[in-house]
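Let's take a walk through this structure together. Have the sequence and the coordinates open as you read, and follow along one element at a time.

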Amino acid sequence: MTITRRIFLGCGAANVLAAAVPPGERVTLGIVGCGWQGVPTAKIFLSDPRVALVAACDVDEEHLAEAQALVPGCRGYRAFEELLARPDIDAVYIAVPDHWHGIIATAALRAGKDVYGEKPLAHNWAEGRAIADAVRRYGRVWQTGSWQRSVPRFRHACELVRNGRLGRVHRVEVGMMAGHMDWDGIGHLTAPEAPPKTLDYNRWLGPAPEAPYCPARVHKVWRWILDYGGGSLLDWVGHHVDIAHWALGLDSSGPVEVRATCQFPGRPSLWNAPPVFRVTARYPGGLTMLIAGGHDDIRSGTKWIGEEGWLWVDREGIESHPPHLAGSKIGPHEIRLPVSDSHHRQFIDCVLRRSETLTPAHVALRSATPGYLGLIAMLTGETIAWDPERERMLNDSGAQRLLAHPMRAPWHL
Amino acid sequence: MALVRFLLVCVAAGAAFGADAETLLKQIARYEHGDPPAAVRELDALAYRAAGDPAAAAPLERLLVAFLESDATPAAKDAVVRNLSIVGTAASVPVLSRMLADPKTSDMARYALERIPAPEAAQALRGALARTDGLTRIGVVNTLGRRRDTASVPSIAPLLRAGDPDLASAAATALGNIGGPEARKALLEAPQDIAVAESLLKIAEQDLRSNRRAEAAAIYQRLQASTHPPVRTAALLGSAAANPQAALPELRAILRKAEDAGLQAAAIRSLAEMQNPEAGKLLMEGLAQAPAAARVQIVAAVDDRHQPGMLPWFTKAAEDSELAVRVAALQALGTHGGASAIPLLAARAASAEGSEREAARLSLARVRGPETDAAILSGIRTADPEVKVEFIRAAGERGIRSAPEVLLEAAKDPDTAVRQEAVRALRETAAPPHAPKLIALLQSAGAESERKELERTVAAAIRRSPKPSVESVLAAWRSESAVPVKASLLSVVGMIGAGEGLPMVREALQSGDSALQRAAILSMSEWPNTTPLEDLLQLAKSGGSLSQRVLALRGYVNLVRLPSSRTPAESARLLAPAMEAAPRPEEKKLVLAALQRFICPESLEMAKAAAADPAVAAEAKLAVSNLERGLSYRR
């Protein structure tokens with residue numbers, strides 16, 4: 001009788017099996033950031049018998065306990081520096097709020113760890129560039145959590161576009177979720193109060209400006225506050241724009257001009273990331289990318305429009321005009337993109353082979369750049385001129401100042 | 001008094017900037033955390049908008065500076081000062097400079113000073129170095145580093161030897177960010193630790209970008225003696241990038257010596273990235289002596305080099321004793337192989353398991369070169385059943401256009417696995433002219449599972465036409481008497497969705513045979529467009545049995561959910577009769593779930609109305625909540 005490994009493996013059994021894998025084929029993993037995304041993703045990693053989860057870190061004791069419960073012997077840490085100092089850890093999975101990405105990721109790379117980091121790559125462009133530089137500097141393997149590249153439907157869509165099924169593509173439409181999701185109904189809890197005893201709130205704030213604790217600031221909903229996240233735009237840019245770029249071979253390129261508008265329907269709140277937005281990015285060669293949230297004319301997902309038709313893909317499906325185009329077969333003599341059916345397993349493969357993943361840091365930075373520039377454009381109202389070759393903003397204005405965020409002491413990059 | 005001064009500035013600046021900022025600042029003056037932030041948000045928006053407009057920024061800056069000097073609450077000042085990071089100039093520096101020395105306000109002052117390009121900002125920060133300590137001083141050092149303030153190097157360099165390790169680390173990082181000869185000298189003379197090493201690495205990278213290879217190489221050479229393994233790895237990678245030819249002997253030595261696996265991996269990666277043919281040769285020669293972990297890396301490295309003529313080498317590597325090495329080699333054969341790799345790949349796909357089988361299959365599907373397709377078709381004719389299955393699978397995966405005739409023969413093979421795989425491969429390759437033969441196979445299929453597979457294959461072949469015709473299916477329908485086969489033909493018609501097939505479906509509904517009636521409803525439910533909507537609605541309202549009405553209603557909702565160019569309101573109006581016709585609460589819940597896809601006032605009204613029904617009240621309330629939220633974020 002065959003029992004699939006995933007079914008057989010209770011997470012507790014995973015480390016036992018990993019111990020049976022030869023050391024050269026085993027990857028010891030630590031998690032930094034165990035809330036929400038952290039534990040489910042850790043379980044996916046644990047379904048790979050080559051992975052042994054040995055450490056977890058979180059500033060919230062409750063989240064940490066949940067991660068530690070996954071496997072016996074998983075040691076817990078409140079400070080990421082202590083976890084990274086362990087020489088027996090090969091790789092880390094980082095799933096912390098965006099404002100921590102740059103610091104923890106570069107520290108991990110400096111400590112010689114390979115990294116699977118959640119998207120977007122970083123809180124802002126400068127921190128993304130610092131991560132990409134550190135990956136290169138220390139020769140580490142990096143996978144960004146832009147896992148749609150490991151889904152066959154998205155790969156197929158990108159191969160269709162790459163192979164010219166649409167003719168010359170002149171426009172891409174990227175639709176994103178609008179608004180501020182309030183998953184736990186805590187958006188109204190904005191009055192300062194003492195942080196829970198289980199949470200090291202000062203550490204949670206880290207490099208972000210000093211601010212009093214309130215539930216509407218922290219877990220899950222931090223993304224709607226620009227001190228910690230970039231709203232829906234930066235949440236989804238690492239998925240749908242990433243796919244748009246992959247299809248068009250833009251992994252080493254970017255826009256030359258970015259304009260944007262945004263709206264704040266409803267009452268102003270603590271959450272200040274634009275909930276309704278429309279970004280227009282112009283690329284070399286005359287391509288225009290429209291990225292929108294909360295606009296009915298732009299459908300969720302990625303839609304490429306070319307001289308010979310259009311193609312749309314999302315997690316729900318794939319469609320095209322003419323209709324048969326979406327089902328068109330890609331032959332072996334056409335351009336084929338690398339195959340991965342598991343983003344997490346592909347990361348482990350690359351860690352063992354020391355080869356580049358599907359979504360390395362330098363690619364993730366390119367995917368996120370329209371988002372970083374779009375956010376600056378919508379806040380300032382400026383048209384951003386960008387040199388994708390040198391990765392430089394050409395505007396001589398206050399917009400320049402927003403490419404990086406100053407940090408609270410002692411944190412720095 | 002301070003507040004009076006602030007109000008006077010408001011009057012003066014308001015004339016130039018407009019009254020908005022002035023009004024907002026008055027509202028913000030008593031702001032406390034947790035208060036409604038409307039005025040703060042509006043002020044933020046004004047500051048952002050002024051970023052590119054000096055004419056608007058200057059008067060706003062004057063207002064903000066005056067505000068910081070007023071007796072506004074600390075929370076208000078905290079909320080306001082960050083706007084100086086956007087519109088601030090030298091004029092803001094005096095007030096920020098005063099805040100800089102106070103640990104309570106220092107971070108926010110730096111927030112602005114770090115971004116203000118005026119040299120006065122850097123001067124204020126340099127001045128603060130001497131009159132601050134602890135975290136405040138570390139923050140100042142960090143900001144000077146971020147500003148790349150060369151003039152601060154003489155003041156920061158001595159801090160490398162500070163007793164406070166956090167301050168020394170901040171100083172090292174700052175010097176690395178600033179760069180230049182003085183920073184380099186200070187870092188080279190400092191006690192070596194990880195922060196110092198990283199900053200030296202950054203300076204070496206700047207050297208490489210500026211083509212100062214010798215300077216970079218000197219740093220890398222020094223850091224190869226580091227006690228910190230990641231620094232040694234970085235130094236080796238940098239050294240190879242600075243002077244590839246000179247690095248070769250060292251890389252060879254490291255490749256052969258397995259004492260430090262991390263360094264060995266770095267050496268392999270360096271060789272992978274070198275254009276030099278000698279680097280490729282070193283890698284290939286290294287395979288024999290390397291430990292298993294390194295052999296995987298070598299195979300991946302040689303793969304990445306895209307060097308021609310590597311087929312024999314990868315073929316040999318595919319026989320390695322280690323599974324991971326074999327998998328990597330089989331994957332590489334997908335790019336480096338040709339027709340001659342095909343027998344090996346097919347045989348391995350048939351005999352191996354797990355990841356090795358998947359690697360062989362993927363490469364078989366992707367391998368390029370002349371005669372590859374011919375080699376696969378030949379394999380279908382001649383191979384043993386286990387291997388034949390793999391050739392057939394590859395023909396399907398590759399979409400070989402000349403494959404259908406061979407595959408149609410294979411679909412009659414006595415071996416069940418061969419037949420099944422052939423039908424699946426035909427789904428990827430057959431065209432409308434093959435439909436009659438495929439339908440004949442369907443009609444003669446012995447097992448239901450085979451017939452089900454053939455249904456999809458027939459539909460796929462016909463759909464490959466720009467204007468799909470179900471004529472061949474209709475012909476078979478007319479001559480067929482077996483109910484299971486007729487049900488399959490109905491399913492085929494549903495998947496194709498051509499209007500000319502609808503009379504056949506209606507005929508089945510009138511047949512009196514419940515199995516055919518059920519197949520007809522399912523057929524319409526699978527329709528790829530909304531043509532049978534009215535038929536399904538009528539059935540849902542007044543069909544025969546309850547199960548038929550349920551089935552029809554579900555099919556109706558499915559079709560409404562199909563992507564379309566309708567407005568959300570039009571879709572909601574289509575769901576209204578479905579709600580009325582829903583025979584049970586379960587179907588009402590289905591309609592409520594579908595409604596939430598169509599965000600419009602009409603959907604909201606329907607959901608609100610449904611909330612009055614206790615059987616679906618909970619689902620209706622959830623739909624109301626989701627629709628209200630969706631509507632609030634739509635323009």
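**A sheet in chain A**

Glu257(A) stands opposite Ala385(A) in β14(A).

Towards β15(A), β14(A) pairs in the antiparallel sense over two bridges, and Asp387(A) has Arg392(A) as its bridge partner. These two strands form a hairpin with four residues between them. In the turn, Glu391(A) has a positive phi of about 50°.

In the other direction, β8(A) (residues 257-263) runs antiparallel to β9(A) (residues 276-282), and seven bridges join them. Val258(A), for instance, stands opposite Ala281(A) in β9(A).

Now zoom out to the whole sheet. It is open and mixed, with nine strands in the order β13-β12-β11-β7-β10-β9-β8-β14-β15 of chain A. The edges are β13 (318-321) and β15 (392-393) of chain A; each has a single partner strand, so one side of each is left without a neighbour in the sheet.

**Where the chains meet**

Let's turn to the contact between the chains. Chain B brings 68 residues to it and chain A brings 57 residues. On the side of chain B that touches chain A, the largest share comes from helix α10 (residues 134-146) of chain B, with seven residues. By class, that side of chain B has 33 nonpolar, 16 polar and 19 charged residues.

What lies inside? The largest nonpolar core has 336 residues, and the members that touch the most others are Leu53(A), Ala171(B), Leu175(B), Leu345(B) and Ala395(B). Helix α12 (residues 361-380) of chain A gives the most to this core, with 12 residues. Another core, of 15 residues, lies apart from it and includes Trp204(A), Leu205(A), Ala208(A) and Tyr228(A). In soluble globular proteins, nonpolar side chains tend to be buried together.

Helix α4 (residues 54-68) of chain B reaches 20 Å from its first C-alpha to its last, close to the 21 Å expected at 1.5 Å a residue. This helix is mostly covered, with 11 of its 15 residues buried. Among the buried residues of α4(B) are Leu60(B), Leu63(B), Leu64(B) and Phe67(B), and also Glu61(B) and Arg62(B).

The model scores ipTM 0.93 and pTM 0.91. Chain B has a mean pLDDT of 93, and 96% of its residues reach 70 or more. Which part of chain B has pLDDT under 50? That is residues 6-19 of chain B, for which the model has 20 contacts beyond four places in sequence. Where pLDDT is low, the predicted coordinates should not be read in detail.

Notes: Residues numbered from 1 in each chain as written. Chains lettered and ligands numbered in written order. Predicted model: local features only at pLDDT ≥ 70, side-chain atom pairs only at ≥ 80, totals over all residues. Contact = placed C-beta atoms within 7 Å. Nonpolar A, V, L, I, M, F, W, Y, C, P; charged D, E, K, R; others polar. Core = buried A, V, L, I, M, F, W, Y, C linked by C-beta atoms within 7 Å. Buried ≥ 20, exposed ≤ 12 C-beta atoms within 10 Å, placed from the backbone. Expected span 1.5 Å × (residues − 1). pLDDT = per-residue confidence, 0-100. Pairing = 2+ DSSP bridges.
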